[in-house]
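Biologist: Before we discuss the contacts, could you show me the sequence and the model together?

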Amino acid sequence: MRSSCFSLFEISSEGRMRFQLLVFLLMTASFCAISGQAMSYEDCCLSYNVVKHPKKLSRKIIHHRVQGTGGGCNLPAIVLTLKKSRIVCVDPEEKWLQMFLKKSRKWQKETRTRSKKLSDSKLSED
């Protein structure tokens, strides 16, 4: 016969299953949290690329995005996507980059204005 002290710590098979399930769920949740953090750092620039020939590089740019310092990225940068899917991280303070972005915004604004005029003229013809 067991002593009454140990009967307090006996766990039924149902209780053991619940405990195992709880441990499994906690481990899964912690793994998901860790892997989610690893994914968020994947797209961060950790340093700037030195650009020796900005004019050559600017001809190859197909897309750019701004990387802020929030969300795990510690370095403010402009992330350039070049032809052949090459990625380059550039200091936003670079003068050539500021000029490129200014021209890019102007070109995008002009393109939107032209396309709006075209769509308006097509609507008036109908």
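**Fold, links and surface**

Modeller: The chain holds four helices and three strands, where helices (H or I, at least four residues) and strands (E, at least two) are DSSP runs numbered from the N terminus. This is a predicted model, in which local features need pLDDT of at least 70 and side-chain atom pairs count only at pLDDT 80 or more, while totals for chains, interfaces and linings use all residues. Residues are numbered from 1 along each chain as its sequence is written, and side-chain values use heavy atoms, with hydrogens and water left out.

Biologist: How many disulfides does the count come to, and what pattern do they follow along the chain?

Modeller: A disulfide is taken as a pair of cysteine sulfur atoms within 2.5 Å, and by this rule the count comes to two. One joins Cys 44 to Cys 73, with an S to S distance of 1.8 Å, and the other is formed by Cys 45 and Cys 89, whose sulfur atoms are 1.9 Å apart. With bonded cysteines counted along the chain, the pattern is 1-3, 2-4.

Biologist: Which parts does the pair of Cys 44 and Cys 73 tie together, and how many residues apart are they in sequence?

Modeller: The torsion about the S-S bond of Cys 44 and Cys 73 is about -70°, so this disulfide is left-handed. Cys 44 lies in the loop between helix 2 and helix 3 (54–60), and Cys 73 in the loop between strand 1 (61–67) and strand 2 (77–82), so the pair ties together parts whose separation in sequence is 29 residues.

Biologist: Are Cys 45 and Cys 89 buried or exposed?

Modeller: The link of Cys 45 and Cys 89 is left-handed, with -75° about the S-S bond. Cys 45 lies in the loop between helix 2 and helix 3 and Cys 89 in strand 3 (residues 87–90), so the pair ties together parts that are 44 residues apart in sequence. Taking buried as under 20% relative accessible area, exposed as over 50% and partly exposed as in between (1.4 Å probe, protein chains only), Cys 45 and Cys 89 are both buried.

Biologist: What share of the residues of the chain counts as buried?

Modeller: The buried cysteines include Cys 44 and Cys 73. Over the 126 residues of the chain, the share that counts as buried is 17%.
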